[in-house]
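Subject: Structure handover

Hello,

Here is the structure you will be taking over. Please open it first, then read the notes below.

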Amino acid sequence: MVERARGTDIACHLILIAGALLVCLPLYFAFVAGSHTVADVLAVPFPLLPGDQFLENARVAWEKGNLGRLFVNSLIVALGITVGKIAVSLLSAFAISYFRFRYRMLAFWLIFVSLMLPVEVRILPTYESVANAALPLQWLINALDVGGWIGALTGQRVEITVEWNMINSYGGLILPLIASATATFLFRQFFLTVPEELCEAARIDGASPLRFFWSVLLPLSVSNMVALAIILFLYGWNQYLWPLLFTTERDMATAVIGLKHLIPRSDMEPAWNIAMNAALLVMLPPVIVVVVLQRWFVKGLVDSSK
Amino acid sequence: MPHTAGTLAEVRRDPGGTAAAPAARTAPVPVRPLGKPASRAAGRAGLKRSHFRQARLPWLLLLPQLLILALFFFIPALRALAQAFLLADPFGTRMQFVWFDNFIALLESPEYQSSVWVTIWFTLAQNVLTITVAGILAFATDRVIRTRGLYRTVILLPYAIAPVIAGILWAFLFNPAVGPIAHALHALGVGWDPNRNGWDAFVLVTLAATWKHICYDYVFLVAALLAVPASLLEAAAVDGAGPALRFVRISLPMIGPTVFFLLVMNFVYGLFETFAIIDAVTHGGPAGATMILVYKVYQDGFVHIDLGSSAAQSVLLMIFAVILTMLQFRYVERNVNYDV
């Protein structure tokens, strides 16, 4: 604060209050709608105060939308993306910045060229790749036991066979979203700032590369990992286009997709109270994450964009 | 693009990046002599000065990433590229190589042209609105000390909310049958109906997209404003510059690179990440009034099953994406050079 200026300060508070109200407006009306009966919501002067049906509506939404099952799916997908992407990225960033090997620059460019194309623009071919089973890579996948590896990461056994069709599987929901180098880039940038002395000291002490990675680099990266994990969790939980295409069975959908099915269409009973209630329920986990872990979230947001 | 990225510049300084690989034979974990002058190794394109030399381990470490990228990035991208030059009959039994016919048909089709214009107006409107509102809020946040955290928490909330949910919330508010704001508009005599009126739909989609994205710009602008040296602002205040003048003359030029970066990111968001909002609010309608390019790729590919055209659209979008990424790298470079 440079000088005292009461008028400006009050104006600033008013601006911020207006901004906060703008943010809250849709959320408030969702809450109001979610706490009334259908009849009240459809009444022409829309109720301005919340009603007393919130818990009842939440129960109906939970059952009608199969949200219990879908929340578990969303959790598995979001955590799978988070853990998978961080693990994969840490390893490859370590390889890129701490090893000198033949074709290192080729590997570098293969990875970082993927920064350029968001998943949305290659949506159709990616869908085909996954639906038509990756036959040529089958032997490789078997040899590497990718399924067991994913299983270890997500806690969910993923079966991979020759007729591999990942529609309606957790693997199909998770893996294509891991395929980008944003996190690798972030960890690489971080590794470049780690003091050289640490690696020199580790080598003088006779540590192997993996030992150095595990005992020195990994502990140093914890704060970056946490910050990134929050961003990736939100990203995973809030995915829409991908689960929409990849899940045809209702039991394999994510919570966000389940919510979409609760939105009244013209030929349905206009149960907006249930839909709005469900919207609040589905957005609750990420909102809690952002509010509780705000400091980390802001760090992750700023880091992961550079 | 000779100097788009810091990484590109580094590559050029390292013509012999693989020259030392044979040394890997000597010992399991060979150690570079510590006494060597650092300048020789320093240019190795993002390689730590103190590093390991092994032939196999790094590839093992890279394997998961490269595998996933091959399966879900390279193969699909190349397929899109190939499909863009092919024409399949409706049953998908025969493929014919048609050179640029798909692109020509696409660029000549009035639907695509209208979609391009909708996308341009939509991304522009969303971009300007987002950065302006975020800028005003960030400016206010910078001056307020008490309750700053509370405001920030509330303003950040939309980041946690899925784009599709943001779309649903706004579609509900403005739903002509039940929405409270639509009721208010009707009471004021405005014939609001986004299901029939293209302009209404466009406004609604833009509002929802902006609402969802303000928080992103806000985070960066607040951080950038905090980094403006207080000494400069104090000196200007002593010279008699008020808060608004200081903002325009000192803070704004100092946060220029951040603003540039955010404009690029807003375009990326508007082009690619608003799919869910469109799908929840308007489905691209009415009559294509909100049919942005990404939504059209999806519509043509999955609803109308016009694979060649959809692939050609994907390729054009990829070109957009690459250009935007280049711009983004420029920001990274500037950020490193000038430390703003």
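A residue is called buried under 20% relative accessible area, exposed over 50%, and partly exposed in between, with a 1.4 Å probe and protein chains only. Keep that in mind for A:T254: at 3% relative accessibility, A:T254 counts as buried.

Some ground rules. This is a predicted model, in which local features need pLDDT of at least 70, side-chain atom pairs count only at pLDDT 80 or more, and totals for chains, interfaces and linings use all residues. Residues are numbered from 1 along each chain as its sequence is written, chains are lettered from A and ligands numbered from 1 in the order in which they are written, and side-chain values use heavy atoms, with hydrogens and water left out.

**A:T254**
Helices (H or I, at least four residues) and strands (E, at least two) are DSSP runs, numbered from the N terminus. A:T254 sits in the loop between helix 14 (241-246) and helix 15 (255-262) of chain A. Leaving aside residues up to four places away in sequence, A:T254 touches A:L70, A:S74, A:V77, A:Q239 and A:P243. A contact here means heavy atoms within 4.5 Å.

**Helix 10 of chain A**
This helix covers residues 182-193, twelve in number. From first C-alpha to last, helix 10 reaches 17 Å, close to the 16 Å expected at 1.5 Å a residue. The expected span is 1.5 Å times one less than the number of residues. Its buried residues are A:A183, A:T184, A:F185, A:L186, A:F187, A:R188, A:F190 and A:F191.

**A nonpolar patch**
On the surface, A:V222, A:V226, A:L284, A:I288, A:V291, A:V292, A:L293 and A:W296 form a nonpolar patch with about 640 Å² of accessible area together. Helix 13 (222-237) and helix 16 (272-292) of chain A each give two or more residues to it. Helix 16 gives the most, with four. A:V291 is found in helix 16. A:V291 is partly exposed, with a relative accessible area of 37%.

**Chain B**
Chain B has 15 helices and three strands. Of its 340 residues, 56% count as buried. Among contacts in chain B between residues at least 6 apart in sequence, 66% join residues at least 24 apart.

**Cysteines**
A:C199 counts as buried, at 1% relative accessibility. B:C215 also counts as buried, at 1%.

Best wishes

Technical notes
Patches are made of residues with over 30% relative accessible area and no salt bridge: like charges are joined within 9 Å, nonpolar side chains (Val, Leu, Ile, Met, Phe, Trp, Tyr) within 5 Å. Accessible areas come from the Shrake-Rupley method with a 1.4 Å probe; for residues, only the protein chains shown count as cover. A salt bridge is a side-chain nitrogen of Lys or Arg within 4 Å of a carboxyl oxygen of Asp or Glu.
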